Amino acid sequence: TKGAPGVKTKVKIDSVRGMKIKKLNAMHPKSRKAAKTHKELIHIDKCALHIQTKDLKWKPELTKMHWFQKAVWMDAKDVYTRQELNDLALEFICRNDDEIMEAKAAAFAGSATIKRIAPTSQVGMDLANRVHDQEQYTNVSFKVPDLTNSKVIRSLKDWKTGNVDQMRNIKTILIGNKDAVQEGKLILMENS
């Protein structure tokens, strides 16, 4: 796979690392060349780790952009109003509510003791994301692509899913509604 200019790709790193290990095995373990090669191997490992964790850092944003990209493809609209954008954001926040409710019901059913949903399980992570997104929405700091602009919709449609570098070119805005909970549009979820 190709990476951004100046960034080593995983295939190249693996092949270079393999060559360095072969050279290291042929050298005397306490020589200066062996120390230099060992230092280079550590640097290559750090580069590989950086490339692997780069995607993890942006994963929530990638998931959000991918979801909005699918919504734009399905709706086939040129421009959204501010209210439609708010409704889409609420739909995004509540997308996993069915699974969360089923998991909560299963945890409370059939026993006298209350079982907690494991935070490392998929449902636990969905619940944590739901609570985080809900807090952002009620604080009017929920970041979504600016679908009120036709250029942004075109760039979102053209965006190659998963490309972090291209994702930064999509203009985003902050939306939310402090009164969403009182109006009944957003049901409060608690981490349990």
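Predicted model: local features only at pLDDT ≥ 70, side-chain atom pairs only at ≥ 80, totals over all residues.
**Exercise 1. The faces of α4**

Task: Sort residues of α4 into buried and exposed, and say how the buried ones are arranged around the axis.

Solution: 
- Step 1. List the buried residues of α4: Asp-97, Ile-100, Lys-104 and Ala-107.
- Step 2. Look down the axis of α4. The buried residues fall within an arc of 90°, so they line one face of the helix.
- Step 3. Recall the general rule. An α-helix has 3.6 residues a turn, so residues three or four places apart point the same way.
- Step 4. Turn to the other side of α4. Asp-98, Glu-102 and Ala-106 are exposed there.
- Step 5. Find the partners of the buried residues. They pack against α3 (82-93) and α5 (122-138).

**Exercise 2. Arg-130 and its partners**

Task: Which side chains does Arg-130 meet in a salt bridge and in a polar contact?

Solution: 
- Step 1. Arg-130 lies in helix α5.
- Step 2. Check its burial. The relative accessible area of Arg-130 is 3%. Buried means under 20%, so Arg-130 is buried.
- Step 3. Find the salt bridge. Arg-130 pairs with Asp-97 at 2.8 Å, N to O.
- Step 4. Locate both ends. This pair links distant parts of the chain, with Arg-130 in α5 and Asp-97 in α4, 33 residues apart.
- Step 5. Check the partner. Asp-97 has 13% relative accessibility and counts as buried.
- Step 6. The side chains of Arg-130 and Gln-134 are joined at 2.4 Å.

**Exercise 3. The other salt bridges**

Task: How many salt bridges does a search of the whole structure find? Describe those of Lys-77 and Asp-146.

Solution: 
- Step 1. The search finds 3 salt bridges.
- Step 2. Lys-77 pairs with Glu-84, and their closest N and O atoms are 2.6 Å apart. Lys-77 is partly exposed at 31%, and Glu-84 is partly exposed at 26%.
- Step 3. Asp-146 pairs with Lys-171 at 3.8 Å, N to O. Asp-146 sits in the loop between β1 and α6, and Lys-171 in the loop between α7 and β2, 25 residues apart.
- Step 4. Asp-146 is buried at 6%, whereas Lys-171 is partly exposed at 46%.

Notes. Residues numbered from 1 in each chain as written. Heavy atoms only, no water. Buried < 20%, exposed > 50% of the residue type's maximum accessible area, 1.4 Å probe, protein only. Helix = DSSP H or I, 4+ residues; strand = E, 2+ residues; numbered from the N terminus. Arc of directions from axis to C-beta. Contact = heavy atoms within 4.5 Å. Polar contact = N/O pair within 3.5 Å; in protein donor to acceptor, adjacent residues only side chain to side chain. Salt bridge = Lys/Arg side-chain N within 4 Å of Asp/Glu carboxyl O.
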